[in-house]
Amino acid sequence: MPFSLPTGGRLAVLACSLAVALGAAGLAGSPASADPASPFGPQPPQNPVTAANGAATMHGDSASSGTTPYPGPGTAAIAYSRTALASACPTVLVGGDGYVIALCTTIFGQTPTVHLLDPATGADLASLALPKGSLFGGVYAYLDNTDRLVVVDGNDNLVRVGHHRTGTGGGWTLRIDQSTPLGDAVPAGDNIVGLTPAWDGRVWFATSGGVIGTVDTGTGAVRSISTGEGVQNSISTVPGRTAVATDHALYLLSAGPDGTPVVDWRAPYDRGPARKPGQLSWGTGTTPSFFGPGDGTEYVTIVDNAAPHGNLLVYRAAGGPEPICRVPVLTQHARSGTEDAVIASGRSVFVTNTYGYAYPALPAGAPASQPSSANFDGGLSRIDVDAGGTGCSVVWNSPVKSAALPRLSLADGKIYTVSVTGPTGSAGLNTFAQYHHSVIDPATGAQLSKSFLGIGLVYNPLQMRGTAAPDGTLYQGTETGVVRISRR
């Protein structure tokens, strides 16, 4: 996501075009225990080569569950502050030392930039600009197990960015600790979209042109295959398995002895007649998510692009290409679709409606949507897999208009997001729309609390996901920086 933007979906290219459009105009701790009364969880297994689950990736963990083991600010009165960075900040992560690392892209210049933020105040302590390319695709960065940000720069180098104390004054600096070229694995004009590590330390990647590969940063060995299908979302890993959603199918892969990707199964899905308004490409808008009631890896899920409503598709990861269920979601409205990754935990999946959401710009080459525009109605749905793992059913539909990707706290049993009221057309979202810190009951879909944050583009979260720190502070990337939300 070069002006990296929103959503659980793709944003690598959108960020660049969005930047052009806009330019023209405390403490670290152990994860809290899950609420014993909660029906959700367990979390996916902890990836040994990432930071702690919950704040290691945009979607929390390498399985992309959309959950956190940490509590959020809760429903009481909140305090909040904004760190202005003149950048869109889709990836905000928290290391084991409690420091906040944000990957942003500047509005002017479209430069991908890493920021280190003070966990006590949100202040910007240090920054590092990375080389940009015409299609910088590093939005789906992650933190490794030494709190280094792993990202691909505009020169197709996989880099690890560490934060270090300066020699004098107690300040901080960011620097590239390791760089590994991906070489010919990324064709000319292509760009990395998805990035996530396997349990053996190899890093999986996927390009917008459909190349899927692995890189061993110890030896520099890169192995890849081509699907011939576009990839516009991130990718996900659990022990021995990697999931990639192209614009035509869901792939479940493993790695051969030398790291070459092996397709275990491919499941085509209904990509619909065209791109929907509120989505950025023609195909699924979701990153694949692993989940399950046993060890958190039994199932893998995406939402297709069927008309008039997308369908939640759930597969057995160890099974094959036939879904155990295909359920229309967000049916409280006449039409629906999503550009957001889901929350997936236990036997439950939560889906956010982005149909009609007015992004400031579209990726270059995005096909026309059908219809050309639509109202943004919002809404969320919860779908549960039955106890036998043979089918799914809708539990509730909620009218909440979420302008961010929600996150489920397994510590306090609440869903956190930023909701929007007021005008939500393309002009309204960045002018008079009102944004609120919102807490939702995952059992019923009811909105438990709503706290006003601000108006217009300064607070517009662009369907990006907030991240909870161990102390319960929530960090939400916006169109122009990062908002820090805590219990008052």
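Which residues point one way from strand 5, and which the other way? The views below build up to the answer. This is a predicted model, where local features need pLDDT of at least 70, side-chain atom pairs count only at pLDDT 80 or more, and totals for chains, interfaces and linings use all residues. Residues are numbered from 1 along each chain as its sequence is written, and side-chain values use heavy atoms, with hydrogens and water left out.

**View 1. Four strands make an open antiparallel sheet, in the order 3-4-5-6.** Strands (E, at least two residues) are DSSP runs numbered from the N terminus, and two of them pair if DSSP finds at least two bridges between them. At the edges lie strand 3 (87-94) and strand 6 (124-129), each pairing on one side only.

**View 2. Strand 4 (residues 100-106) meets strand 3 over six antiparallel bridges.** Look for Ala-88, which stands opposite Thr-105 in strand 4. Six bridges also join strand 4 to strand 5, and here Ile-101 has Leu-116 as its bridge partner. Five residues lie between these two strands in their hairpin, and Gly-109 in the turn has a positive phi of about 100°.

**View 3. Strand 5 (residues 112-117) has six of its six residues buried.** Buried means under 20% relative accessible area (1.4 Å probe, protein chains only). Here is the answer to our opening question: Pro-112, Val-114 and Leu-116 point one way, while Thr-113, His-115 and Leu-117 point the other. In a regular strand, side chains alternate between the two faces of the sheet.

**View 4. Strand 5 and strand 6 pair over five antiparallel bridges.** Val-114 has Leu-128 in strand 6 as its bridge partner. In the turn of their hairpin, Gly-122 has a positive phi of about 85°.

Methods
Buried < 20%, exposed > 50% of the residue type's maximum accessible area, 1.4 Å probe, protein only.
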